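This briefing goes through one protein model with its ligand, topic by topic. Please keep the sequence and the structure open while reading.

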Amino acid sequence: MEILHVSAECYPVAKVGGLGDVVGALPKYQQQAGTIAKVVMPAYQTRFREAHSFELVHQGGLWLGHAWFHFNVWKEVSNVLGFDLYQVDIPGLLDTPGVYGYPNDTERFLAFQIAVLDWLNEWQHQPDVIHCHDHHTGFIPFLLLYGYKYSRLRDIGTVLTIHNAQYQGQFGWDKLYLIPSFDLWKSGMLDWNGAINPLAAAVKCAWKVNTVSPSYMEELINHANGLESLLSTERGKAMGILNGIDDKVWNPATDAMISDMYTEKDVAAGKKANKLKLCEAFGLNPELPLFVFIGRLVGDKGADLLPEIIGRSLHEHPNALNFLILGSGDPHVEWMLEQAKQYAGEHFNVYIGYNETLSHQMYAGADFLLMPSRVEPCGLNQMYAMRYGTIPIVRATGGLRDTVTDFGDAGGFGIRFMQASVADVCHAISRALELHDSKTKFSKIRKTVMQLDHSWDKAAQHYIDLYTSLK
Ligand code: ADP
């Protein structure tokens with residue numbers, strides 16, 4: 001069986017969040033399980049592209065409305081990722097340094113999808129399944145069914161994975177002319193609430209749909225940023241498959257990004273050494289428990305609560321803990337965190353920006369990871385943290401609910417709370433400090449979380465079962 005993943009991100013080529021991690025890892029594990037898995041993504045101007053060799057495998061041109069764009073499809077030659085990587089290069093649209101956030105994102109990702117389909121139309125052999133990830137690839141299932149040009153691809157099965165339903169890529173009907181000709185009687189398949197909505201179109205048209213955790217699938221029926229009734233209607237072809245983590249990239253025993261490698265046998269010493277370096281770099285006292293947050297500084301992640309959480313916890317527990325935050329996003333939250341440095345002094349620091357190496361160092365050097373998410377489709381951070389012996393403090397939602405149990409419950413190993421509120425998070429932090437004080441319990445839980453198996457093997461098999469069910 002041959003699977004073609006179509007995605008806007010793929011680690012280490014280009015990553016903004018969890019989507020990149022998933023598309024960088026899942027195909028590798030699918031290959032190991034005996035499936036042929038390939039990835040096609042845009043050719044952004046990234047360091048990866050400059051550092052690796054590519055061969056030209058296809059040249060073409062496409063109309064985007066009234067504008068003509070030339071495009072190339074490149075294949076990475078050394079198979080460095082463990083699967084075939086193809087990149088679509090569209091000068092003037094996709095040759096950007098970043099992934100998202102451009103005023104013409106609609107045109108960029110629509111052109112990307114047209115280029116992928118045009119290329120497949122001329123490919124000698126075709127994949128059995130096209131696996132689309134998020135709204136950036138949401139027109140593909142629709143165009144395969146109703147696009148006049150792509151009728152020969154109609155037998156290819158399609159799967160849509162929803163990594164985050166908050167982002168849907170909708171735009172006005174005035175841009176309908178950008179979409180390649182299709183059976184106009186089917187226009188309704190593109191529509192949701194009076195707009196063209198690629199995520200909704202993919203939910204309607206993909207043969208199967210999945211979310212990245214079972215709990216998130218259930219939650220979407222009630223909270224899906226407007227798509228609730230659609231997901232409820234299409235529930236029959238949808239399921240939740242929990243993401244895994246790439247345990248080769250995220251492994252404290254071999255991670256070259258951290259200062260001192262360690263295993264669960266020497267976790268106490270290993271984490272102490274990493275914490276020391278991290279605290280030195282950020283002017284924090286390494287003797288105190290260290291609480292970290294890593295992620296996008298947006299409301300969905302509960303990042304707006306952080307300044308108050310820090311202020312209140314430091315007031316409730318003077319000189320008893322430190323906070324370190326890594327992230328970027330909402331400018332107001334960034335500003336509030338910068339301001340917090342003034343009142344939190346030597347107990348708090350923040351790095352505004354994206355820094356992959358620092359994220360590894362924080363998972364290794366921290367004692368606790370905070371995730372006060374309002375929405376968390378799966379969440380990878382908590383799984384990375386646990387692999388590095390860092391105890392997650394999470395709101396019981398989405399994938400966090402599926403991966404973290406509370407240490408107060410039988411067999412539990414993390415800290416859970418119910419509401420994305422300052423009071424609930426501060427209470428969870430107080431519990432964490434008590435846990436930290438009971439040395440034996442703390443050290444036992446640390447070892448327990450390191451031993452949990454969150455590798456992709458199981459999830460890769462679930463996806464293979466899903467593909468098999470298409471035929
Ligand atoms: P989402 O995809 O919603 O942002 P996930 O938990 O699924 O959240 O994945 C987040 C991924 O992005 C993790 O690998 C995390 O370590 C990484 N990450 C997020 N923000 C940063 C940052 N500022 N610097 C480095 N890595 C980050």
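What covers the buried residues of H11? The cover includes helix H8 (267-282), E12, E13, strand E14 (348-352), strand E15 (368-371) and H12, where cover is counted by contact, meaning heavy atoms within 4.5 Å. This is a predicted model, in which local features need pLDDT of at least 70 and side-chain atom pairs count only at pLDDT 80 or more, while totals for chains, interfaces and linings use all residues. Residues are numbered from 1 along each chain as its sequence is written, and side-chain values use heavy atoms, with hydrogens and water left out.

**Helix H11**

- Eight of the ten residues of H11 are buried, so this helix is largely enclosed by the rest of the structure; buried means under 20% relative accessible area, exposed over 50%, and partly exposed in between, with a 1.4 Å probe and protein chains only.
- Helices (H or I, at least four residues) and strands (E, at least two) are DSSP runs, numbered from the N terminus.
- The buried residues of H11 are Glu356, Leu358, Ser359, His360, Met362, Tyr363, Ala364 and Gly365.
- At the start of H11, a side-chain oxygen of Asn355 comes within 3.2 Å of the backbone nitrogen of Thr357.

**Ligand site**

- Around the ligand there are 20 residues, of which Lys15, Gly18, Asp21, Lys301 and Gly353 come nearest; a residue belongs here if one of its heavy atoms lies within 4 Å of the molecule.
- At least two residues of this shell come from each of helix H1 (18-32), strand E12 (290-297), strand E13 (322-329), helix H11 (356-365) and helix H12 (381-387).
- By residue class, the shell has six nonpolar, nine polar and five charged members. Ala, Val, Leu, Ile, Met, Phe, Trp, Tyr, Cys and Pro count as nonpolar, Asp, Glu, Lys and Arg as charged, and the others, Gly among them, as polar.
- A backbone N or O atom of Gly18 is 2.6 Å from an oxygen atom of the ligand.
- A polar backbone atom of Leu380 lies 3.0 Å from a ligand oxygen atom, and a polar side-chain atom of Asn381 lies 3.1 Å from an oxygen atom of the ligand.
- On its own the ligand has 570 Å² of accessible area, and the protein covers 93% of that. Accessible areas come from the Shrake-Rupley method with a 1.4 Å probe; for residues, only the protein chains shown count as cover.

**Nonpolar cores**

- The largest nonpolar core has 77 residues, and Val40, Leu62, Leu64, Val88, Ile90 and Leu160 touch the most other members. Such a core is a set of buried Ala, Val, Leu, Ile, Met, Phe, Trp, Tyr and Cys residues joined through side-chain atoms within 4.5 Å.
- Helix H3 (residues 105-122) gives the most to this core, with ten residues.
- Not counting residues up to four places away in sequence, Leu64 touches Phe69, Leu93, Glu107, Leu110, Ala111, Ile114 and Leu178.
- A second, separate core of 70 residues includes Ala340, Phe368, Ala432 and Phe442.

**Backbone geometry**

- Most residues other than glycine have a negative phi, and most peptide bonds are trans.
- Tyr11 and Pro12 are joined by a cis peptide bond with omega of about 5 degrees, and Pro12 lies in the loop between strand E1 (2-6) and H1.
- Asp134, not a glycine, has a positive phi of about 65 degrees. Asp134 sits in the loop between strand E6 (129-133) and helix H4 (139-146) and is buried at 7% relative accessibility.
- Asn319 also has a positive phi, near 55 degrees, in the loop between helix H9 (306-316) and E13. Asn319 is exposed, with a relative accessible area of 55%.

**Individual buried residues**

- Thr397 is in the loop between strand E16 (391-395) and helix H13 (398-403) and is buried, with a relative accessible area of 5%.
- The side chains of Thr397 and Glu219 make a polar contact at 3.3 Å; a polar contact is a pair of N or O atoms within 3.5 Å, and within protein one must be able to donate a hydrogen and the other to accept it, with residues adjacent in sequence counting only if both atoms are side-chain atoms.
- His436, in helix H14 (residues 422-437), counts as buried at 12% relative accessibility. Leaving out residues up to four places away in sequence, His436 touches Pro289, Asp367, Phe368 and Phe442.
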